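Me: I'm new to this one and would like to know where the labels come from. Could you take me through them?

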Amino acid sequence: MELTRDQYQEIVRTLADGILIVDESGEILYESPAVQRLTGYAPDERTVEHVFEHVHPEDERAVREAFADVIESEAETVVTAEFRFRHRNGSWVWLETRVSTQRATTAGGYIVRVSDVTEAKAREEYLERTTARLEALFENSPDMIDLHTSDGTIVDVNRQFCEAFDQPKSELVGRKVWEIDREIGPDGLREIWDGMDVGDRTEVETTFETGDGTRFPVEVHLTRLPANDGDRFVVISRDITEQKQRLQEIRSLKNRLELAVEGANLGVWDWNMRTDTVEFNDQWAEMLGYELDDLESHLDAWETRVHPDDIAAVTDALEAHRRGETDYYDTTHRMRTADGGWKWIRDLGRIVERDADGDPVRAVGIHLDIDDSKRYQRELERKTEELENLTTRLEDQYRTLFEEAPVMAVVTRTENGRPVIEDCNNQFADTLGIDPDALVGTELADFYTADSVTSLIEDGGYADALNGEFTTEPRELVTADGEVVETRLRAVPRRNAAGEVVGTLAMYIDVTERETVKRANERLEEFASIVSHDLRNPLNVATGHLQLARETGDGADPHLAAVERAHGRMEALIEDLLTLAREGEAVAETDAVDLAALAGACWQTVETADATLVIEGDRTVVADEGRLKQLFENLMRNSVEHGGPEVTVTVGGLEDGFYVEDDGPGIPDADRSAVFEAGFSTNVGGTGFGLSIVQRIAEAHGWNVRVTESEAGGARFEITGVELASG
């Protein structure tokens, strides 16, 4: 049936697309109603230039070129253009124009069909964005992704897949899946694929193998795609080597933890704080003397066994943790055991789960048996208290000893390399004539003479004391009255609780009297030397005359013999006088002396007739060897002179010295206090100086000497206060 003109016009008016007829000059000859609906503009507002004005600037050039192509084209074709057009409401719409280069002979122009493709464009852009995202996800995924067909041929792989196998895509595409999956063979894989419908997902664990033979476990997620009638599968694979290792570590850790819990005998509890059900382990029950089946799995099993005196503190600690005030619940308390006794327990726990409102849901913890350690702690506290009491008593005793010491004692602290008095005893303060409180905080050098200050500071005396290298040195103190007190100083380093040297402990011995005696001895020795010189000259003359008298007269004259004996006695007196004067000097240098060897040597130099020497034990002492030799010779000579030619002399050791004794007649009690006096002798031919010299030698060493009776009834001389050599 042939359509009429009206029918054609009705069809054009109802078309969704707009129809324009444009001549070669660009004049719009006709437009359908749809054009106004698509653009928002009325026909009288529109020309071709008007159309160009509303085309998006980025699309205008393409539209003009397309229009030019229509006009210039000689062949019959259709020119299509897509562009953005600003609608009358201000929005941009995508329009598609299709222009036939064949002129509409009836209408007299070109026919332009205009369509709104905004939605299509939006779908296209969305598809492009989605495709781009999928491609980016495919390439940049941290997992391995491959596509393969239903016959197992790999058709595509992502970058991560290539990196995992260290091969380019070209070498991987085209391979069969089972060449990579070394755990599931072709038949197993086909069975998996055949059981999947489009859209189904399957997860398996298997093992991949790289080109160099390296194998690693993977977790595979397989999906059948709708593309190509379900002939495609997408496979997302993840290397689970670390996951497997972590799982193994967790298993090992769990085993070790269980072993540690069992080995350490830890009681474990797990508390549901909503229902108050509690799970206990065997050790928790055994710790209290129960079997696990004997206990109810409820909070009461714990709460009813806590000591009544401890429950309040335990509850407070638990509530504080419940409120979040503490990181852990940690208490020590007593719990009743199965036999009715009490055992000390350390209870540690923590809330490990809370609900959305912050209310506690679950807590776990452990019990530690600290009963033995508690008993030990109580014993330790008792011992500590005893030690503190003992320390207090020792401090009191030390203070008493410090104050009552027969020497001057000073405690110093170091300030700028100089000693400052921190404490001193009464002996030091009384010697200086200054109140002890006034001395504290002052410099020690303030009470030294100038020479002693030099020795203390400039010559390094104080530095030596701090280093523990100080021996014994003379120091002169100055009293409040300006009197100089001569002392011997011994100083040692003083340390704090950390072991750091913070000062010294100095002890002074007042040797003023001793120094006076020393100077007197020096004058005595000088006097004795002069006297001996003055005596020896006339004695030598008398001896010469005696010799002439014997040669010219009667040599047997008893008077001459008496004169000779008198000369000998005078010579002995002179020698003993000189020895007595010299032996009073203080000993300055000492050595380690072997008593046995020295006694044997002395015995050879003394007139001993048929006497016998006995040495008992080994003993090494610190002494002036020459003076000690004089002491032994005098004691041995005394024993022979008073005990007779067959006397036995014994030398032996004491705890702090030595003794020399004989088996002669001994010394009467009445004479023992006088034997050390110069000139005292019970022997007619003796000088009376021998034992006095022994006493002087002992005192010069700082020793004590006393006479008593030996077990055989003879004389026994004991020398004590002797320093024994170590090693």
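Reply: Happy to. Helices (H or I, at least four residues) and strands (E, at least two) are DSSP runs, numbered from the N terminus. Val675 has its place in the loop between α23 (669-672) and α24 (690-701). Keep in mind that this is a predicted model: local features need pLDDT of at least 70, side-chain atom pairs count only at pLDDT 80 or more, and totals for chains, interfaces and linings use all residues. Residues are numbered from 1 along each chain as its sequence is written, and side-chain values use heavy atoms, with hydrogens and water left out.

Me: Why is Val675 called buried?

Reply: Buried means under 20% relative accessible area, exposed over 50%, and partly exposed in between (1.4 Å probe, protein chains only). Val675 has a relative accessible area of 4%, so it counts as buried. Across the protein, buried residues make up 37% of the 727 residues.

Me: What makes Phe161 and Phe165 a stacked pair?

Reply: The structure holds 11 aromatic pairs. Rings of Phe, Tyr and Trp (its six-membered ring) pair if their centres lie within 6.5 Å; planes under 30 degrees apart count as stacked, over 60 as edge-to-face and the rest as tilted. The ring centres of Phe161 and Phe165 are 4.8 Å apart and their planes sit at 20°, so this pair is stacked. Both residues lie in helix α6 (residues 159-165), four residues apart, about one turn of the helix.

Me: And why is the pair of Phe165 and Phe208 called tilted?

Reply: Here the ring centres are 5.9 Å apart and the planes are at 40°, so the pair is tilted. Phe165 lies in helix α6 and Phe208 in strand β8 (residues 201-209), so the pair ties together parts that are 43 residues apart in sequence. Phe165 counts as buried because its relative accessibility is 3%, and Phe208 counts as buried because its value is 6%. Ring pairs link Phe161, Phe165, Phe208 and Phe216 into a cluster.

Me: How do you know that the charged end of Lys121 sits over the ring of Trp94?

Reply: A charge sits over a ring if NZ of Lys or CZ of Arg is within 6 Å of the ring centre and within 35 degrees of the ring normal. The charged end of Lys121 is 4.5 Å from the centre of the Trp94 ring. Arg305 has its charged end over the ring of Tyr290, 4.7 Å from the centre.

Me: How do you know that β6 and β10 pair?

Reply: Two strands pair if DSSP finds at least two bridges between them. Strand β6 (residues 144-149) and strand β10 (residues 232-239) have six bridges, in the antiparallel sense. Strand β9 (residues 215-225) also pairs with β10 in the antiparallel sense, over eight bridges. In β10, Arg232 is the bridge partner of Thr149, and Leu225 stands opposite Arg232 too.

Me: What makes a set of residues a nonpolar core?

Reply: It is a set of buried Ala, Val, Leu, Ile, Met, Phe, Trp, Tyr and Cys residues joined through side-chain atoms within 4.5 Å. The largest one has 35 residues, and those with the most contacts inside it are Leu628, Phe632, Leu635, Phe658, Trp703 and Phe717. Its largest share, six residues, comes from α22.

Me: Which residues does Phe717 contact, leaving aside its neighbours within four places in sequence?

Reply: Contact means heavy atoms within 4.5 Å. The partners of Phe717 include Leu635, Phe658, Ile667 and Phe676.
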